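This report goes through one protein chain, from its overall build to single residues. The sequence and the model come next.

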Amino acid sequence: MNKIFVILGLGFITLLSACSLEEEPISEATPDTIYSSASGIEDGVNGVYSVLRELYGTQQGFTLNTFGTDIFQHGKDGGYKAMDYYSVDLNSSLGYIEDIWTDCYMGINAANTVLDRIESVESISESEKETFKAEVRFLRAHYYYWLTLQFGDVVLRETETQGVNTEDGRTDKEVIWQLMKEDTEFAVETLDWSSSDYGRITKGAALHQLARILLLTQDYAGAEAAAAKVINEGPYQLLSIYADVFEYDNQENDEIIFSTQYTTDALNNGSGNTGHLYFTPAYDKFDGLVRDLTQGGRPYTRFRPTEFYRNLFDANDSRFDVTFRSVWFYNDESSLPAGATVGDTVIWEIEDGVFSKVAPNNNTMHWGLKKHDDPTRASYQDTRGFRDFFVFRLSETYLLAAEAAVMQGNAQEAADYLNVVRSRAAKENTTITLATASDMDMDAILDERARELGGECMRWMDLARTGKLVERVKAYNENGSASIESYHTLRPIPQAQIDLTTIDFPQNDGY
């Protein structure tokens with residue numbers, strides 16, 4: 001099976017496509033010349049895909065969806081603490097907020113450019129045109145999903161933007177959700193369950209996205225039906241062992257519905273998937289330890305798990321050991337503590353006079369997240385990772401179906417969906433406590449999503465869309481609990497967008 005490579009596209013659409021924020025043209029090439037051929041259209045489609053690499057596997061994408069949640073808080077290093085503490089410094093000038101806004105509109109405009117121009121290219125067959133249109137409409141909806149969950153009412157664009165647009169206003173997010181629904185339904189109807197190019201959108205990915213969108217529009221029966229179709233008719237299946245999902249050499253496995261593609265070709269990998277950096281503590285600051293790839297590599301120590309997250313797992317839940325790195329091993333002969341040898345388990349002082357083989361959880365040292373480990377990098381110094389980023393997994397599809405069932409009052413049906421995921425998580429030769437109908441509510445769904453999907457770049461949006469962000473941050477995140485307010489369920493509109501606009505462009509409440 002071929003793997004889709006979309007490296008050209010990012011630079012391509014950056015040069016040729018204007019988004020809502022101001023851009024200066026730096027190329028004499030124009031859409032009229034580029035998009036006049038089959039190869040130009042194909043490059044344009046690949047360019048729409050390439051924006052996914054700005055959302056998934058990047059520090060900005062992780063930051064917007066990891067900080068300020070119930071399961072992760074700020075680590076020792078790095079900026080953007082305001083997004084965890086919900087302080088006054090969380091404002092419209094923060095770089096990552098503007099970056100996400102700009103990147104999503106770059107992808108949307110690239111999609112619109114393809115859609116506006118593809119019909120005039122006679123060298124592309126009708127079936128290829130329909131496939132390309134389905135792919136870019138899915139991606140346009142995907143970028144609007146991010147924008148509306150992060151910012152609420154945003155600029156709606158259905159046609160190509162040329163030049164600088166200073167008269168864009170905000171459109172009700174529910175209107176945009178309807179466009180997202182229509183775009184995704186078109187992809188469902190047009191695409192097959194598989195593609196010869198691994199990484200392209202398929203019917204399964206479109207149905208999974210449709211379920212997410214229908215949860216937003218409160219069409220819970222429709223959301224359950226879309227998820228159930230993926231489960232019952234798609235070519236996917238849960239792997240029998242949770243750990244196998246994240247094995248580096250097993251990335252194209254039967255559980256993956258859609259992933260953002262990275263490659264081992266450094267020249268064509270951009271900044272790479274850098275997820276391996278941000279969840280790793282500064283273990284190398286302690287005697288007997290130096291950086292190495294087997295214990296987390298280079299530590300940027302941005303995110304550390306909350307106590308709530310650490311204590312959320314059943315004793316027989318295999319996901320605990322797959323998710324967390326809580327034990328380290330001495331690997332530096334030159335700085336070993338007295339009596340220790342290389343290979344011994346590190347002994348940590350948890351508090352005065354209390355020692356443990358399990359690391360503490362504070363800003364000096366904390367547990368790491370192993371899901372994004374990348375053992376194939378040349379050394380711990382290389383920040384560019386090659387691991388694909390899993391955007392949709394079948395286990396989430398079950399949990400979307402469970403959520404839709406809960407919202408319809410079908411508690412036993414919800415428990416049945418959830419228990420498929422939970423049963424798979426049991427350690428070998430053990431059983432795990434299954435959910436009952438009486439257990440089922442939105443908190444049970446969110447707890448299971450944390451166990452199954454924690455650290456996979458969706459938590460903040462999940463909490464915001466389910467109306468649980470403020471409640472759960474107050475309960476479980478000691479950094480943000482005192483300051484978070486109801487208006488924090490949306491981000492501030494980037495100041496650069498407001499400054500660019502000549503008509504009234506209101507800021508979100510509270511900012």
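## Overall build

The protein chain holds 21 helices and 10 strands. Helices (H or I, at least four residues) and strands (E, at least two) are DSSP runs, numbered from the N terminus. The radius of gyration of the protein chain is 23 Å, close to the 24 Å that the globule rule gives for 511 residues, so the chain is as compact as a globular protein of that length. That radius is taken over C-alpha atoms, and the globule rule is 2.2 Å times the number of residues to the power 0.38. Along the principal axes, the C-alpha atoms of the protein chain fill a box of roughly 75 × 50 × 50 Å.

This is a predicted model: local features need pLDDT of at least 70, side-chain atom pairs count only at pLDDT 80 or more, and totals for chains, interfaces and linings use all residues. Residues are numbered from 1 along each chain as its sequence is written, and side-chain values use heavy atoms, with hydrogens and water left out.

## Burial, contacts and charge

Of the 511 residues in the protein chain, 59% are buried. Buried means under 20% relative accessible area, exposed means over 50%, and partly exposed is in between (1.4 Å probe, protein chains only). The protein chain exposes about 19600 Å², and carbon and sulfur atoms supply 46% of that area. Accessible areas come from the Shrake-Rupley method with a 1.4 Å probe; for residues, only the protein chains shown count as cover.

Among contacts in the protein chain with a separation of 6 or more, 72% are between residues 24 or more positions apart. Contact means heavy atoms within 4.5 Å. The protein chain has 43 positive and 81 negative side chains, and the centres of the two sets lie 4 Å apart. Lys and Arg count as positive and Asp and Glu as negative, while His and the chain ends are not counted. The place of a charge is taken as NZ of Lys, CZ of Arg, CG of Asp or CD of Glu.

## Strands 4 and 10

Strand 4 (residues 256-260) and strand 10 (residues 389-393) run antiparallel and are joined by four bridges. Two strands pair if DSSP finds at least two bridges between them. Phe258 has Phe392 of strand 10 as its bridge partner, and Ile256 has Arg393.

Strand 4 is mostly covered, with five of its five residues buried. In strand 10, five of the five residues are buried, so that strand is largely enclosed by the rest of the structure.

Asp249 sits in the loop between helix 12 (242-245) and strand 4. At 79% relative accessibility, Asp249 counts as exposed. Asp249 and Arg387 are 138 residues apart in sequence, yet their C-alpha atoms are 9.3 Å apart in space.

## The hairpin of strands 7 and 8

Three bridges join strand 7 (residues 348-351) to strand 8 (residues 354-356), and the two run antiparallel. Glu351 stands opposite Val354 of strand 8. This hairpin has two residues between the strands, and Gly353 takes a positive phi near 80° there.

## Two partly exposed loop residues

Asp314 is in the loop between helix 14 (307-310) and helix 15 (319-323). Its relative accessible area is 29%, so Asp314 is partly exposed. Not counting residues up to four places away in sequence, Asp314 touches Ile432 and Thr433. From C-alpha to C-alpha, Asp314 and Val358 are 17 Å apart in space, and they are 44 residues apart in sequence.

Thr489 is in the loop between helix 20 (469-476) and helix 21 (495-500). With a relative accessible area of 28%, Thr489 is partly exposed. Leaving aside residues up to four places away in sequence, Thr489 touches Leu149, Trp460, Ala464, Leu469 and Val470. Thr489 and Leu463 are 26 residues apart in sequence and 8.6 Å apart in space, C-alpha to C-alpha.

Most residues other than glycine have a negative phi. Tyr80 has a positive phi, near 65°. Tyr80 lies in the loop between strand 2 (72-74) and helix 6 (82-85), and at 24% relative accessibility it counts as partly exposed.

Cys457 also has a positive phi, near 70°. Cys457 is placed in the loop between helix 18 (442-453) and helix 19 (459-465). At 4% relative accessibility, Cys457 counts as buried.
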